[in-house]
Amino acid sequence: QVRLVESGGGLVQPGGSLKLSCAASGGTLDTHVIGWFRQAPGKEREGVSCINSNNGNPYYADSVKGRFTISRDTAKNTVYLQIDDLRPEDTAVYYCAAFRGAITIRPAVCLEPTIHDYWGQGTQLTVSS
């Protein structure tokens, strides 16, 4: 059983930056794909980024390319999501999720919530002046 714990959310002004963390236990990053998702009030959960297990390759939703950066520290078993140039529309609960395996054919599949078996409890990010 993989346990995921997100942290790092908060209230940030537009234009600012923030780094979210997802600490994993019960499984390792080299065997599990980790994805970041967000859900704003009244909206569906949206996949924003994920990182492959076997090679650490990152993938991004088109809507966040250039502002979001995913990375991992395998020694700490932690995945990070750096968000720059924050906008009010980034306000959401951010979740990390995981599934055991690797992305081999269609990278975008890791941005689909249904493929992930494990979820964290989420961390709230609010972008407001």
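Reader: Between which two elements does the loop that holds asparagine 77 lie?

Author: Elements are read from DSSP runs numbered from the N terminus: helices (H or I) need at least four residues and strands (E) at least two. Asparagine 77 is placed in the loop between E7 and E8. The model is predicted, so local features require pLDDT of at least 70 and side-chain atom pairs pLDDT 80 or more, while totals for chains, interfaces and linings use all residues. Residues are numbered from 1 along each chain as its sequence is written, and side-chain values use heavy atoms, with hydrogens and water left out.

Reader: Which value does phi take in aspartate 85?

Author: Phi of aspartate 85 is near 50°, again a positive value in a residue other than glycine. Aspartate 85 belongs to the loop between E8 and E9 and, at 37% relative accessibility, is partly exposed. Arginine 87 is also found in the loop between E8 and E9 and is partly exposed at 33% relative accessibility. Leaving aside neighbours within four places in sequence, arginine 87 is in contact with Arg67 and Val127, where contact means heavy atoms within 4.5 Å.

Reader: In which order do the four strands of the open sheet stand?

Author: Two strands are taken to pair if DSSP finds at least two bridges between them. Here the order is E1-E3-E8-E7, and the pairing is antiparallel. Strand E1 (3-7) and E7 are at the edges with a single partner strand each, so one side of each has no neighbour in the sheet. On average, neighbouring strands of this sheet are turned by 20° against each other, direction ignored; the axes are lines fitted to C-alpha atoms (for helices, over the stretch in contact), and angles run from 0 to 180 degrees between N-to-C directions.

Reader: How many bridges join E3 to E8?

Author: Six bridges join these antiparallel strands, E3 and E8. Lysine 19 has glutamine 82 in E8 as its bridge partner, and leucine 18 stands opposite isoleucine 83 in E8. E1 and E3 pair over five bridges in the antiparallel sense; valine 5 has alanine 23 in E3 as its bridge partner.

Reader: Which residues touch the most other members of the largest nonpolar core?

Author: A nonpolar core is a set of buried Ala, Val, Leu, Ile, Met, Phe, Trp, Tyr and Cys residues joined through side-chain atoms within 4.5 Å. The largest such core has 34 residues, of which Trp36, Leu81 and Tyr94 touch the most other members. Among the elements that give two or more residues to this core are strand E3 (18-25), strand E4 (32-39), strand E8 (78-83) and strand E9 (92-100). E9 gives the most, with five residues. Beyond its neighbours within four places in sequence, leucine 81 is in contact with residues including Leu18, Leu20, Trp36, Val48, Phe68, Ile70 and Tyr94.

Reader: How many aromatic pairs does the count come to?

Author: A pair of aromatic rings is described by the distance of the centres and the angle of the planes. Rings of Phe, Tyr and Trp (its six-membered ring) pair if their centres lie within 6.5 Å; planes under 30 degrees apart are stacked, over 60 edge-to-face and the rest tilted. The count comes to two aromatic pairs. Phenylalanine 37 and tryptophan 119 form a tilted pair, at 4.9 Å centre to centre with 50° between the planes. This pair links phenylalanine 37 in strand E4 with tryptophan 119 in strand E10 (residues 118-119), 82 residues apart. Phenylalanine 37 is buried at 0% relative accessibility, whereas tryptophan 119 is partly exposed at 28%. Tyrosine 95 and tryptophan 119 form an edge-to-face pair, at 6.4 Å centre to centre with 80° between the planes. Tyrosine 95 lies in strand E9 and tryptophan 119 in strand E10, so this pair ties together parts 24 residues apart in sequence. Phe37, Tyr95 and Trp119 form one aromatic cluster.

Reader: Over the face of which residue does arginine 45 lie?

Author: A charge sits over a ring if NZ of Lys or CZ of Arg is within 6 Å of the ring centre and within 35 degrees of the ring normal. Arginine 45 lies over the face of tryptophan 119, at 4.8 Å from the ring centre. Lysine 19 lies over the face of tyrosine 80, at 4.7 Å from the ring centre.

Technical notes
Buried < 20%, exposed > 50% of the residue type's maximum accessible area, 1.4 Å probe, protein only.
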